[in-house]
Structure formats: C-alpha cells, structure tokens
Amino acid sequence: MATYTVNYAGFSLTTHQRFTIAKAITKIHADVTGAEAYFAQVIFKQLDLHDCFIGGILLDEPHLFLSGQIRSGRSEQMKKQLLVELEVALQSASGLAGHQIWAYIDEITPGQMVEYGQILPAVGDESIWFSTLPAGIQKKLNYLNS
C-alpha cells in the first residue's frame, strides 16, 4: 500500500545498509500509520552523481532522495511524523547529513491502486480487504507481518 523508493547518488549503500533502511522504513510506516508491515514496500535505485541536478547545477555531493507513495486519508500530523522519523532513520543508516536527504510523501486514492491482485481499501478497511484475499496470499502476508 505504501511504496517507498530510495534513490541515491554519489555513494553506495551496502546490502546491510539497504536491509537496515528497508526494515526501518517498514517499521516506521507501520508504527505511524497503524497499517500492517506487509503494506510497505521499499525499492532502491542507485543513480550516477552526474545524473542529478539541483537548481540546474550538477550535484556535487552524495544525496539520498526518498519518495513515499501512500494511500490518502492520513492526517497532516501523521504525514509530518512519517517524514521526520524517516529522515532520522535515513541519516542513521546512510551516514549522510540532513541537508543531503530529501524526502517526499505523495498520496494516492486507494481506488487507484492494485496490490496482491486487488484494488486497495480505504484507510480503516484493511481487515475487510484482507478477508477477501485468497488463503495463500493471506498466509504469505501473515508471514511477512511476523
């Protein structure tokens, strides 16, 4: 339900750092929104430093850009809390300074999203949605959530 894309340039993230970031993003999303952990996915993409520009000028230092797409229906306070906690976790795992980490939250109407073969539910209707999934998918999601 939430897709977090981590684009980074000018440095490398080890497998352990990517794992740490993915776990942190998943935990923060679940803790702040109350959604099950299996609703968060994290995708990493390393960019060449020379492919990134800020203000029309070539990026001259490492940066990490986080873009989170979440279901609409969350409060402004919740979205701010997500951003703050995500930024702190990214600093810790990446070793970058705050000015090198840019994070964004975009909202998508649940009816415009399909995951696990189903249109996603509105915030608060997750248990009803889950009950309509095939048993094999339910088992997989329960495993991911443990």
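Helices (H or I, at least four residues) and strands (E, at least two) are taken here as DSSP runs, numbered from the N terminus. The model is a predicted one, so local features need pLDDT of at least 70 and side-chain atom pairs count only at pLDDT 80 or more, while totals for chains, interfaces and linings use all residues. Residues are numbered from 1 along each chain as its sequence is written, and side-chain values use heavy atoms, with hydrogens and water left out.

With 19 residues (76-94), α2 should span 27 Å at 1.5 Å a residue, the expected span being 1.5 Å times one less than the number of residues. Buried residues (under 20% relative accessible area, with exposed meaning over 50% and partly exposed in between; 1.4 Å probe, protein chains only) in α2 are Lys-79, Leu-82, Leu-86, Ala-89, Leu-90, Ala-93 and Ser-94. They cover an arc of only 110° around the axis, which puts them on the same side of α2; the arc is that of the directions from the helix axis to the C-beta atoms. On the face turned away from that buried side sit the exposed Glu-76, Gln-77, Lys-80, Val-84, Val-88 and Ser-92. The cover over the buried residues includes β1 (2-9), α1 (15-33), β5 (63-71) and β6 (101-108).

β1 and β2 run parallel over eight bridges, and Tyr-8 has Gln-46 of β2 as its bridge partner.

As for nonpolar cores (sets of buried Ala, Val, Leu, Ile, Met, Phe, Trp, Tyr and Cys residues joined through side-chain atoms within 4.5 Å), the largest has 23 residues. Tyr-4, Val-6, Ile-25, Leu-64, Leu-66, Leu-82 and Leu-86 have the most contacts inside this core. β1, α1, β5, α2 and β6 each supply at least two of its residues. Apart from it lies another core, of eleven residues, including Ala-35, Leu-120, Trp-129 and Phe-130.

How values were computed:
Contact means heavy atoms within 4.5 Å. Two strands pair if DSSP finds at least two bridges between them.
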